[in-house]
Structure formats: C-alpha cells, structure tokens
Amino acid sequence: MLVISTVNGARARRAELACTGRRLAFVPTMGALHEGHLALVRRGLGLADEVWASVFVNPTQFAPGEDFDRYPRDLERDRGLLEKAGATMLFAPSTKEIYPRPSATVLDVPQLADGLCGAFRPGHFQGVALVVAKLLNIVQPHIALFGAKDWQQAVVIRRMAADLCSPVRIEICPTEREEDGLARSSRNAYLAPEERRAATVLHRTLELATAAVRAGERSGAALEAKAAAEVAGEPLARLQYVAAVDPERLTPLATISNHVLVALAVHVGATRLIDNVLVEVS
Ligand code: AMP
C-alpha cells in the first residue's frame, strides 16, 4: 500500500490510475481506525476496483475546547489495518498541506447542518463540508463511503456534493457495533471501564425507541420522551439531545408515518457519544 502525504503526490497517483480506467472508492477518516472504518474499506472493494483511504484529523471541524489536541493518533497502526483490509493508497497529509492558508471559502448546508449535533457544535459541519470537498477534489473518486453512525454528516455531505454538481456517488454504510451494541467509535477509547459499561445506554435507548415505533407509537414527542427517560436512568450519562426526525430532511416529525430517524448525543463522563437508528414503519 502506498502512503502519500502531499496533494501533488496524490494527484499524480490519481492521474496514473485514470489511465487504467479502474474505478476508485474512497474512505475519508480521522484515523484511530476500528472495525467501522474497515467495514467501509471492504464495502468499497465490493463497489470499485481499488479503495483509497485518508487519515487527517481536521482542525476546522473542532471547536475551541473540543478534543482536537488529544484526539487519538497512531498512523503506523492505521497503515497496517488499512493494508490488511485491502486499501491500496493511504493519503495522510499534514495540516499545512490541506490548509496552506486559512480558507476564505465557507461551505454551509444550513438546512441540514443547523439542527441535531449542529446546534451544539457551531461550525462543525462547515469544517466537515470544507475538508470533504477538498479531499474529494484531490482524490476524485467515483464513490465515497461514509458511515450511518454519523448520519447527519453523511446527509450534509451528500447534499453538498449534489449541490456542487460533484460526480461522486456518496454511499452510506451501516453502523458497526461492539458485541453489546455500542457503536464503534475512536472516542470509545476515552471511556473508563465504568463509563464503557454505562455507554451501552445509547444503543439500549435506540432499541427501546425502535420497539416503541413497532408497537405503534406515532408521536415524535412521545418517542423522544421515552428515550430521554431511558437515558436518565443511567447515572453516568447526561443526555445532550434526542430527536425523532425525517431521515432525509432532518426536520422534527410530529407524527411518524413512513419512517423515522431517532438520533441522540449523550455525555458519558467527559466523553460525548452519538448514535442513531432508522426505523421503517411499513
Ligand atoms: P471518523 O474517523 O470518525 O471521522 O469516521 C470516518 C468515517 O467512518 C465516517 O464516514 C464515519 O461515519 C465512519 N464510521 C465511524 N464509526 C463507524 C461505525 N461504527 N460504523 C460505520 N461507520 C463508521
């Protein structure tokens, strides 16, 4: 597997690949890789001839006081995992390489980015949209893969790509989970053993919400109240938000008819965790 750290190097390799006509899938990540990331690589291998991944901890999507400085970084380990999963190129640029100067361009998708996590992380999705647009321009993949775990992020990126007439196909892949249901996340490494046990409350709450919809609950507000009560039962957890929304528009659903996305963010100790479930009614 090639490791490339410069934009020019990635462009040169991309030009070589274009000559072969091989189809390229791309998995952007912030590293500290786990099974969730590797599942995206494997899915990419089923959809294209070659998969490239990137590892870049993007400073513009972290607000001051968030965990940018202590975000886990282990490029050598990530390299080994990606190679084993079948990726053929790892793009691992420095911050200077991606941001040689502060960006004067702002990419915002306010309709989709301002609610849910965006309400608590101002500017976060602008940072995500900017770095993903840059990476897509550099790598020019046929397909880019994102995880359903970060549903709002995937929907923002899909809309941004469509609005900018980008030819890339955005593929949203299922959330990979630990055996007890906790969504795999690089941030799970922050959890102390007690907190790790308490963190199962996210998945438990989403299972409860799914069961409630299946049992006939059609009120978004009642569903949110049930979910909030479940989180409140876990002493180490503090609910930031839970919302029952339309999965495409991310707008609140007063009445659930076809489907509902239940999304939540919970602090377990000092660690902020997110998860969601898409429930189809029919
Ligand atoms: P990150 O490194 O956290 O920025 O994530 C990189 C990509 O992996 C994003 O598209 C995430 O949605 C995706 N991802 C993270 N965790 C999971 C998971 N548990 N299952 C599936 N995809 C995931």
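How many cavities of 30 Å³ or more does the structure hold? The structure holds one such cavity. The model is a predicted one, in which local features need pLDDT of at least 70 and side-chain atom pairs count only at pLDDT 80 or more, whereas totals for chains, interfaces and linings use all residues. Residues are numbered from 1 along each chain as its sequence is written, and side-chain values use heavy atoms, with hydrogens and water left out.

Figure 1. The largest cavity contains about 40 Å³ of space. Rolling a probe the size of a water molecule over the atoms shows where empty space is left. A cavity is defined on a 1 Å grid over the protein atoms alone, as a set of points where a 1.4 Å probe fits but cannot get out; lining residues have an atom within 4 Å of a point. Grid points are joined across faces, edges and corners, and a volume is the space filled by probe spheres set on the points. The lining consists of Lys149, Leu182, Ala183, Ser185, Asn188, Leu202, Leu273, Ile274 and Asp275. Strand E9, residues 271–280, gives the most to this lining, with three residues. Helices (H or I, at least four residues) and strands (E, at least two) are DSSP runs, numbered from the N terminus. By class, the lining has five nonpolar, two polar and two charged residues. Here Ala, Val, Leu, Ile, Met, Phe, Trp, Tyr, Cys and Pro count as nonpolar, Asp, Glu, Lys and Arg as charged, and the others, Gly among them, as polar.

Figure 2. Aspartate 275 counts as buried because its relative accessibility is 4%, whereas leucine 278, at 34% relative accessible area, is partly exposed. Buried means under 20% relative accessible area, exposed over 50%, and partly exposed in between, for a 1.4 Å probe and protein chains only. The side chain of aspartate 275 forms a polar contact of 2.9 Å with the side chain of arginine 177. A polar contact is a pair of N or O atoms within 3.5 Å; within protein, one must be able to donate a hydrogen and the other to accept it, and residues adjacent in sequence count only if both atoms are side-chain atoms. Leaving aside residues up to four places away in sequence, aspartate 275 touches Arg177, Ala183, Leu202, His203, Leu206, Val262, Ala263 and Leu264, where contact means heavy atoms within 4.5 Å. With the same exclusion of residues up to four places away, leucine 278 touches Trp151, Pro247, His259, Val260 and Leu261.

Figure 3. Of the 17 residues around the ligand, Met30, His37, Asp150, Glu176 and Arg184 come nearest; a residue is near a molecule if one of its heavy atoms lies within 4 Å of it. An N or O atom in the side chain of aspartate 150 is 2.6 Å from an oxygen atom of the ligand. A backbone N or O atom of glutamate 176 lies 2.8 Å from a ligand nitrogen atom, and a backbone N or O atom of arginine 184 lies 2.8 Å from a nitrogen atom of the ligand.

**Figure 4. The second largest pocket.** This pocket has a volume of about 290 Å³. A pocket is an open set of grid points with protein on both sides within 12 Å along at least five of seven lines. Its lining comprises 16 residues, of which Ile98, Pro100, Arg101, Leu130 and Lys134 lie nearest the centre. Helix H1 (7–20), helix H4 (95–98) and H7 are the elements that give two or more residues to the lining, and H7 gives the most, with five. The lining residues divide into nine nonpolar, three polar and four charged.

**Figure 5. Two loop residues with positive phi.** Alanine 32, a residue other than glycine, has a phi near 50°. Alanine 32 is found in the loop between strand E2 (24–29) and helix H2 (35–47) and, at 15% relative accessibility, counts as buried. Glutamine 140 has a positive phi near 45° and lies in the loop between helix H7 (124–139) and strand E5 (143–147). At 46% relative accessible area, glutamine 140 is partly exposed.

**Figure 6. Leucine 145 in strand E5.** Leucine 145 is found in strand E5 and is buried, at 0% relative accessibility. Leucine 145 and cysteine 173 are 28 residues apart in sequence and 7.0 Å apart in space, C-alpha to C-alpha. Beyond residues up to four places away in sequence, the contacts of leucine 145 include Ala25, Phe26, Val27, Pro28, Leu40 and Cys173.
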